[in-house]
Amino acid sequence: MPTPPKPGSMYGWPWREKLKAIVPEGLPDECWRADPKRCSIDPDGYAHFQAADTGEHLVHRAAVLADGREIPEGWEVDHLADICQYRDCANPAHLEAVPKLENLRRAYEHQELPPSFPCGHDRASNAFPHS
């Protein structure tokens, strides 16, 4: 006989209800961060959840679907870098479905690089240190 869910657990909840419990809705311009007590956060900062009635496991992707938008096959959901800095944010206003190459281009464009390479080469001036 299967073990019954613990009182207060979200076991068996439909994905939309589970998503609402994981992500407290805030003001339209705020980041709606996933509650790490109600989901798992991977080493890259993305929030994950499980629900029997969906194959989607990334919270930010589920937020786009819950907003009534589609994610075409092979596309990714981008956190708009000019608005949102958190990978666990699920505010649909901060998210956009884009082709994978566009998501990679945007990530490259907004990455913050250290001021110098590990060898000491200064990125800004493109000058090598003198020995």
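A salt bridge is a side-chain nitrogen of Lys or Arg within 4 Å of a carboxyl oxygen of Asp or Glu. The structure holds eight of these salt bridges. The model is predicted, so local features need pLDDT of at least 70 and side-chain atom pairs count only at pLDDT 80 or more, while totals for chains, interfaces and linings use all residues. Residues are numbered from 1 along each chain as its sequence is written, and side-chain values use heavy atoms, with hydrogens and water left out.

Figure 1. Helices (H or I, at least four residues) and strands (E, at least two) are DSSP runs, numbered from the N terminus. Along the sequence, their order is α-β-β-α-β-β-α. The protein has 131 residues, and 28% of them are buried. Buried means under 20% relative accessible area, exposed means over 50%, and partly exposed lies in between (1.4 Å probe, protein chains only). The accessible surface is about 9400 Å², with 55% of it belonging to carbon and sulfur atoms. Those areas come from the Shrake-Rupley method with a 1.4 Å probe; for residues, only the protein chains shown count as cover. Now take the contacts, meaning heavy atoms within 4.5 Å. Of those with a separation of 6 or more, 45% join residues 24 or more positions apart.

**Figure 2. Asp 88 and Arg 33 meet in a salt bridge.** Their side chains come to 2.7 Å, N to O. Asp 88 lies in the loop between β3 and β4, and Arg 33 in the loop between α1 (15-22) and β1 (40-41), so the pair ties together parts that are 55 residues apart in sequence. Asp 88 is buried, at 9% relative accessible area. Arg 33 is partly exposed, at 37%. Not counting residues up to four places away in sequence, Asp 88 touches Trp 32, Arg 33, Ala 34, Ile 41, Gly 45 and Ala 47.

**Figure 3. Arg 33 also lies over the face of Tyr 86.** The distance to the ring centre is 3.7 Å. A charge sits over a ring if NZ of Lys or CZ of Arg is within 6 Å of the ring centre and within 35 degrees of the ring normal.

**Figure 4. Glu 76 and Lys 100 form another salt bridge.** Here the side chains meet at 3.8 Å, N to O. The pair links distant parts of the chain: Glu 76 is in strand β3 and Lys 100 is in helix α3 (residues 100-110), 24 residues apart. Glu 76 is partly exposed, with a relative accessible area of 24%. Lys 100 is partly exposed too, at 44%.

**Figure 5. Helix α3 holds both Arg 105 and Glu 109.** They are four residues apart, about one turn of the helix. Their salt bridge has its closest N and O atoms 2.6 Å apart. Arg 105 is partly exposed, at 40% relative accessibility. Shared partners join salt bridges into one network of Asp 78, Glu 96, Glu 102, Arg 105, Arg 106 and Glu 109.

**Figure 6. The largest nonpolar core has 20 residues.** A nonpolar core is a set of buried Ala, Val, Leu, Ile, Met, Phe, Trp, Tyr and Cys residues joined through side-chain atoms within 4.5 Å. Trp 15, Leu 19, Ile 22, Val 23, Ala 34, Phe 49 and Val 59 touch the most other members. The elements giving two or more residues are α1, α2 (59-66) and β4. The most come from α2, with four residues. Leaving aside neighbours within four places in sequence, Val 59 is in contact with Leu 19, Ile 22, Val 23, Ala 47, His 48, Phe 49 and Ala 90.

**Figure 7. Helix α2 is largely enclosed by the rest of the structure, because six of its eight residues are buried.** The buried residues are Val 59, His 60, Arg 61, Ala 62, Ala 63 and Val 64. Their cover includes α1, β2, β3 and β4. Just after α2, Gly 68 takes a positive phi of about 90°.

**Figure 8. Gln 50 lies in the loop between β2 (47-48) and α2.** Gln 50 is exposed, at 60% relative accessibility. Leaving aside neighbours within four places in sequence, Gln 50 is in contact with Lys 18 and His 57. From Gln 50 to Gly 12 is 38 residues in sequence and 9.5 Å in space, C-alpha to C-alpha.
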